[in-house]
Amino acid sequence: MPLSPKLSADQLEANLADIAPRYTEQQASVESSRCLFCFDAPCITACPTGIDIPAFIKKIMTGNVTGAARTILSANILGASCARVCPTEVLCEGACVLLDRDSDPIKIGRLQRYATDHVYENEIQVLRAATKKSGKRVAVIGGGPAGLGCAAEVAQLGHDVVIFERKPNAGGLNTYGIAYYKMKPEISLEEVELVKSLGVEFRCGVEVGRDVTRADLDGFDAIFIGIGLGDGQRLRIPGEELPEVVEALDFIEQIHTEPLHRVPVGARVAVLGCGNTAIDAATQARRLGAAEVVVIYRRGERDMSAYAFEYDLAKQDGASFLFHHAPVEVLGHDGHVTGLRLVQTRFNASGALEQIGGSEFTEPFDMVIKAVGQQKQSDWLAQLFPELEMNRNGTMKRDFDTGQTSLRKVYAGGDCANGGREVVNAVGEGKKAARGIHRFFGETEAIGPIQPSRWGVAPGPYGSGFDAPIRVPDLEAKYEQLSPASHPAPATSALTSMNQE
Ligand SMILES: Cc1cc2nc3c(=O)[nH]c(=O)nc-3n(C[C@H](O)[C@H](O)[C@H](O)COP(=O)(O)OP(=O)(O)OC[C@H]3O[C@@H](n4cnc5c(N)ncnc54)[C@H](O)[C@@H]3O)c2cc1C
Ligand code: SF4
């Protein structure tokens with residue numbers, strides 16, 4: 001049967017409403033006053049853009065909400081979307097010292113949203129376009145978080161920037177791919193307007209490699225590549241071409257571009273894969289009205305890459321999970337999906353995953369969502385920049401501090417360079433590349449986003465998260481390798497090496 005929408009517009013509005021709505025003034029006041037305003041605040045170090053979190057929380061507490069937004073947006077131009085989409089549990093909130101007191105961490109994301117919503121809603125401009133121009137021109141390929149992070153910083157440093165974006169709107173996955181209950185596309189488009197207000201020129205609907213050639217790009221003084229990842233991986237099993245087998249990204253994009261009550265969904269949906277994209281697809285399918293959603297993963301529960309809190313959310317939403325199973329065929333009748341033929345899997349003695357002979361069975365489904373990873377854009381890079389040196393995993397070789405690739409005037413950041421991480425990593429890497437470009441132009445080094453009160457703080461685990469970001473699970477894994485008795489403070493070198501991906 002062809003797929004159809006399942007719920008009314010009102011029901012969908014309620015089901016896909018913001019999962020973490022804006023705080024009231026009273027809630028923001030109470031939450032901000034719980035903060036200890038740590039001097040060597042670990043929450044800053046855990047933020048890949050190095051937002052001075054205690055500084056902005058104190059501003060909220062004292063009623064200076066505009067000032068709080070200025071602190072946030074001057075460190076992270078996408079502060080409004082990061083407030084909604086960041087996995088704060090494994091970043092700033094995961095590092096909050098209140099956790100050591102067996103207390104809830106400060107809800108940094110919610111407070112960040114409170115401050116940034118205030119300036120957007122009241123149309124308060126907290127950042128200024130540069131008045132002195134260098135005359136240098138930078139081409140940014142891709143208008144996603146990495147491209148926006150780079151362009152905003154380059155523009156504020158006084159250089160001209162053009163963003164080439166192949167989609168009708170900029171924002172990248174922030175506009176088209178984030179789970180709808182976390183962030184509406186309008187927020188991302190408002191951020192694009194903020195970047196525009198800094199003097200950045202956008203050329204949307206323009207694909208580099210098709211509408212813009214390498215020769216056109218060579219006319220710029222520097223180039224930033226922020227093209228993200230490519231199409232989803234194929235399953236390579238019979239029946240994959242049936243119309244109800246859809247890419248998770250296409251399914252989620254439909255939710256962002258069509259009225260909700262026109263988005264078709266199955267009654268019994270299989271989601272293949274178990275990363276954060278699979279979880280987002282499963283949760284949204286349930287909220288769109290699918291009666292049953294089963295997430296199918298060929299490995300075990302402990303092996304999935306989805307965050308624990310995302311997994312919990314999907315389970316709360318009624319999705320079920322089938323571990324150690326893999327699809328071998330999509331079954332169809334009259335040209336439509338009717339089910340999956342599945343096989344059980346296990347790890348053999350040498351640790352390799354294998355299918356268990358004779359364990360095949362069929363399950364009825366009317367929709368299959370593929371979420372088994374995205375391809376790297378290696379072909380595009382090889383065609384446009386054949387001289388680029390590449391890593392074996394399909395990413396570009398680059399300097400992690402500046403984003404500079406093996407080509408002197410070509411810089412890179414975001415998913416296409418790190419292999420696929422979070423929005424905040426993409427913004428941070430775009431910004432680092434902007435500073436690298438600034439230095440490449442022979443300008444003096446740009447000053448980092450450290451508040452004057454923090455000058456003199458030792459670099460490394462303390463100080464600016466922009467220069468030495470940590471991720472809480474990485475840190476915990478590192479601690480686990482140490483003897484429980486010792487647990488010394490992590491050395492800078494250990495943290496730095498963790499950041500080298
Ligand atoms: C389904 C899904 C859900 C996610 N949810 C979260 C989340 O909740 N929280 C979180 O922090 N992260 C999340 N992420 C990850 C996050 O979205 C990415 O890490 C981030 O968007 C990377 O930014 P980017 O700019 O590198 O790439 P993208 O966001 O992919 O942007 C790249 C841009 O480049 C453009 N482009 C590509 N090729 C060309 C070309 N040749 N010419 C011109 N333009 C081009 C694309 O159209 C796109 O706009 C999610 C990812 C997915 C797939
Ligand atoms: S670690 Fe927690 S308590 Fe300390 S400054 Fe950051 S948010 Fe406040």
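Is H324 buried, partly exposed or exposed? With 19 other C-beta atoms within 10 Å, H324 is partly exposed; a residue is buried if 20 or more other C-beta atoms lie within 10 Å of its own, exposed if 12 or fewer, and partly exposed in between, with C-beta atoms placed from the backbone.

This is a predicted model, in which local features need pLDDT of at least 70 and side-chain atom pairs count only at pLDDT 80 or more, while totals for chains, interfaces and linings use all residues. Residues are numbered from 1 along each chain as its sequence is written, and chains are lettered from A and ligands numbered from 1 in the order in which they are written.

**The whole chain**

Select the protein chain, which has 19 helices and 14 strands; these are DSSP runs, numbered from the N terminus (helices: H or I, at least four residues; strands: E, at least two). Of its 501 residues, 45% count as buried.

**Two loops**

Return to H324, in the loop between β8 (320–323) and β9 (325–333). Although H324 is not a glycine, its phi is positive, at about 55 degrees. Next, select D334 in the loop between β9 and β10 (336–347). D334 also is a residue other than glycine with a positive phi, near 55 degrees. D334 counts as exposed, with 6 C-beta neighbours inside 10 Å.

Select β13 (367–370). M367 and I369 point one way from this strand, V368 and K370 point the other way, and all are buried. Strand β5 (residues 245–247) pairs with β13 in the parallel sense over three bridges, where strands pair if DSSP finds at least two bridges between them. Here V246 stands opposite I369. Strand β6 (residues 268–272) likewise pairs with β13 in the parallel sense, over four bridges, and L272 is the bridge partner of K370.

Keep I369 selected. Apart from neighbours within four places in sequence, its contacts (C-beta atoms, placed from the backbone, within 7 Å) include V269, V271, A281 and A285. I369 is also one of the residues with the most contacts inside the largest nonpolar core, together with A151, V271 and V295. That core has 131 residues; a nonpolar core is a set of buried Ala, Val, Leu, Ile, Met, Phe, Trp, Tyr and Cys residues joined through C-beta atoms within 7 Å.

Move on to Q375, in the loop between β13 and α15 (378–384). Q375 counts as partly exposed, with 13 C-beta neighbours inside 10 Å. Not counting residues up to four places away in sequence, Q375 touches L229, G230, D231 and Q233.

**Ligand 1**

Select ligand 1 and the 38 residues around it, of which G142, G144, G172, G228 and G414 come nearest. A residue is near a molecule if its C-beta atom, placed from the backbone, lies within 6 Å of it. The shell divides into 16 nonpolar, 13 polar and nine charged residues; Ala, Val, Leu, Ile, Met, Phe, Trp, Tyr, Cys and Pro count as nonpolar, Asp, Glu, Lys and Arg as charged, and the others, Gly among them, as polar.

**Ligand 2**

Finally, select ligand 2, which 14 residues surround, the closest being C35, C38, C43, P54 and C96. The elements that give two or more residues to this shell are α3 (42–45) and α4 (53–61). Its residues divide into 14 nonpolar, no polar and no charged.

Conventions. Two residues are in contact if their C-beta atoms, placed from the backbone, lie within 7 Å.
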